[in-house]
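Trainee: I am new to this structure and would like to go through it step by step. Could you show it to me, so that we can begin with the terms we need?

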Amino acid sequence: MMTVSSIQRVTVLGAGSMGHGIAEIAAIGGYDVTIRDIEDDLVEEGYDNIEWSVEKLAEKGQVDESADEILGRIETMTDLADAVSDADLVIEAVPEQLEIKEDTFSSVDEHAPDHAILASNTSSLSISDIASATDRPDQVVGLHFFNPPVKMDLVEVTYGEATSDETAELAYEWVESVDKTPIYVRKDVHGFVVNTVLVPFMEEAAWMLSNDETTVQEADAAMVYERGYPMGPFELNDFGGIDIGYHFRSESDQSVPPVVEEKVENDHLGKKSGKGFYNYDDGDGVDYKPEDAGRYDTLRTEAVMINKAAWLVGNDVATPEEIDIGLRLGGSFPEGMCRRGDRIGLDVVLEKLESLSAEYDAERYKPTDYLVELVEEGWTGEDAGKGFYDYRVDPPYHYINWDVDDDGVLEIELDRQERLNSMSDDMFMEIDRLLTDIDTDDVRCVVFSGAGDKAFSSGADITGFTADDPAEIMDVDEMFQTVYEFPRPTVAKIDGFCLGAGIELALACDIRIATEGSTIGTPETDLGVIPGGGATQRLLRLIGEGRTKEMVYRGMQFDAVQAEEWGIVNHAVSDDEFDDRAGEIVDDLVSGPPVALKAAKQVIQDGQDASLEVALGMEKQAFAVLATTDDMLEGVTAFRQNREPHFEGE
Ligand SMILES: C/C=C/C(=O)SCCNC(=O)CCNC(=O)[C@H](O)C(C)(C)COP(=O)(O)OP(=O)(O)OC[C@H]1O[C@@H](n2cnc3c(N)ncnc32)[C@H](O)[C@@H]1OP(=O)(O)O
């Protein structure tokens, strides 16, 4: 049986923007790569693009090897038979036309080794159709990368009708091995997971525009400023190309909104053609403003998207987790539609769909069986305890990963990589919930870090600012206080951007260690606000009034070396030393006397806001209590016996 470690050579067919991006990822991931296109100049252009990109990544220290080492693993070819002759994995990224793909797969099947897995990067064609051009349909799978592959983290691993579990699992593991996030698409549905839900985001707005129920600016402003999406539906359509969505619809015989049809007929395809829903060449381009929001029916679009998500779950195409990860990573959505549905209330969503169905005779408003079933059973979302997700026992954590090891180290990783681990309301709540619910007896030390290699956290999620109620934005303070008061030592392990709420979380921790190149700062004044998670006060106590004022007023950002000089971080260390130095700190904390450390934390924190006399009294009292503990006895005995103490926290 083939395992991921038996994959040595990856051949990528097609050196266009997807193909060369995939080849680059594979080479960075340590694989020998052949990239093939039909003509020398195409394949050379693809290689040049890889070279440029890999050199940039190497310059920025974002790859572990030198550019030469990575590029040394790539060879270019035009002969298809040669290119696949020793491949273990072939990834096809040729033009999106079924005939071309079928021809390609048929030739690959003939020339590739019998064991080779054949993958297609198609975004809209059927994997089963493509696989049927081969004599090994069980070894054919979809690997749908997003554009640009080097930047986008998501890959959809799609089953064709005949794809074996072994093939899909291998493809999934291979994606993980190149540091991307795979999700399974268990059935070969048109649009897979992400586009099934994402396309209605644009399409519903286009239907409304066709019916004169919105303007372009109203729709875009509402979805961005009220609902927190990174782009408005028309902005996104222009950005991706209006013809793409058009073909997506017409390929599956679905009706296309008249405004989209009209744009395609007039060759107004969006940004790439200079004109689409906005005018780029002769106009201002994207020109919506916050005040344009307010009249667009945002629930109508979201209800259709949530209905699609329910269809995917109900038909066993994907789980709610996979759908939500897909939309966050593939669509840069602030949260997945299953989670959003659970927050809106699935009864509200169903009611909306039913009223739309009554008003318009359109299939897309017909509630899916799964959505109806959930509502009928009373599982209407978070408030009901269950919806797409079950919140009753061990509610899910979507934005943090955590684990307590045998030594009692609670690692909490902020994980919203697609937005540089910026903190959404949910992330704030999850940290708060975890630290409140966890049994502190199981924990000796807490370590916060950020997922990925770019950020600890870039701050609170700015896209939520205009959508949230101001009172809710202020609520973030509770989480910082929970962290600050947690009765065990806390460490912020900072690698990359640590801004706004990111540094506020770190300031709520007891100790901060950062890589030298990390960026530390309080940019809130650039957004017209001030720090809201404690930075004005915690910095004041840490670095004094003058520096705090300068930092806050000027919205300063600087590297960790300066942050160390100013006393904001305890240690700024090189990348190579980072893990070891952090490990040393954590080792000391977990082996320290828990009761004494708890007392020290309390006395230091409470004492700083008391008079010296009162604070010294607190210290004296704590010392006296600690002098009666078993841990003190153990410490003294270990000293006498010249051995390391083993504190039990008694
Ligand atoms: C109470 C607390 C208040 C606060 O914390 S206020 C927030 C304070 N923080 C900030 O103002 C920092 C905002 N972010 C930035 O300035 C930049 O990012 C960086 C300088 C940190 C990095 O720039 P680059 O390397 O060019 O990355 P990128 O393309 O800007 O970011 C990647 C994706 O992450 C999203 N993102 C980054 N930070 C935030 C954030 N704080 N809130 C929401 N989204 C954020 C971006 O938009 C983008 O997303 P896409 O790929 O969809 O374009």
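Mentor: Let us begin with a term: a residue is called buried when its relative accessible area is under 20%, and exposed when that area is over 50%. Please keep in mind as well that this is a predicted model.

Trainee: With that cut-off in hand, is Cys 445 buried or exposed?

Mentor: The limit for a buried residue is under 20% relative accessible area. Cys 445 has a relative accessibility of 0%, and therefore it counts as buried.

Trainee: How many disulfides does a search of the whole structure find?

Mentor: A disulfide requires two cysteine sulfur atoms within 2.5 Å of one another. For Cys 445, the nearest cysteine sulfur belongs to Cys 509 and is 9.6 Å away. The sulfur of Cys 498 is too far for a bond, because the closest cysteine sulfur, again in Cys 509, lies at 9.4 Å. Over the whole structure, the number of disulfides found is 0.

Trainee: Turning to the ligand, which residue has a side-chain N or O atom 2.9 Å from an oxygen atom of the ligand?

Mentor: The ligand is surrounded by 22 residues, and among the closest are Ser 458 and Ala 460. A nitrogen atom of the ligand lies 2.9 Å from a polar atom of Ile 462, but that atom belongs to the backbone, and it is likewise a backbone N or O atom of Ala 501 that lies 2.8 Å from a ligand oxygen. The residue that places a side-chain N or O atom 2.9 Å from an oxygen atom of the ligand is Lys 454.

Trainee: What share of the ligand's accessible area does the protein cover?

Mentor: On its own, the ligand has 970 Å² of accessible area. The shell around the ligand holds 9 nonpolar, 6 polar and 7 charged residues. The share of the ligand's area that the protein covers is 69%.

Trainee: Which residue is the bridge partner of Trp 402 in S10?

Mentor: Strand S9, residues 400-404, pairs with strand S10, residues 409-414, in the antiparallel sense over 5 bridges. Between these strands the hairpin has 4 residues, and in this hairpin Gly 408 takes a positive phi near 90°. In S10, the partner of Trp 402 is Ile 412.

Trainee: Finally, which side chain makes a polar contact of 2.5 Å with the side chain of Ser 53?

Mentor: Ser 53 is part of helix H2, residues 40-59. With a relative accessibility of 14%, Ser 53 counts as buried. The side chain in polar contact with that of Ser 53, at 2.5 Å, is that of Glu 24.

Terms used
Residues are numbered from 1 along each chain as its sequence is written. This is a predicted model: local features need pLDDT of at least 70, side-chain atom pairs count only at pLDDT 80 or more; totals for chains, interfaces and linings use all residues. Side-chain values use heavy atoms; hydrogens and water are left out. A residue is near a molecule or strand if one of its heavy atoms lies within 4 Å of it. A polar contact is a pair of N or O atoms within 3.5 Å; within protein, one must be able to donate a hydrogen and the other to accept it, and residues adjacent in sequence count only if both atoms are side-chain atoms. Accessible areas come from the Shrake-Rupley method with a 1.4 Å probe; for residues, only the protein chains shown count as cover. Ala, Val, Leu, Ile, Met, Phe, Trp, Tyr, Cys and Pro count as nonpolar, Asp, Glu, Lys and Arg as charged, and the others, Gly among them, as polar. Two strands pair if DSSP finds at least two bridges between them. Helices (H or I, at least four residues) and strands (E, at least two) are DSSP runs, numbered from the N terminus. Buried means under 20% relative accessible area, exposed over 50%, partly exposed in between (1.4 Å probe, protein chains only).
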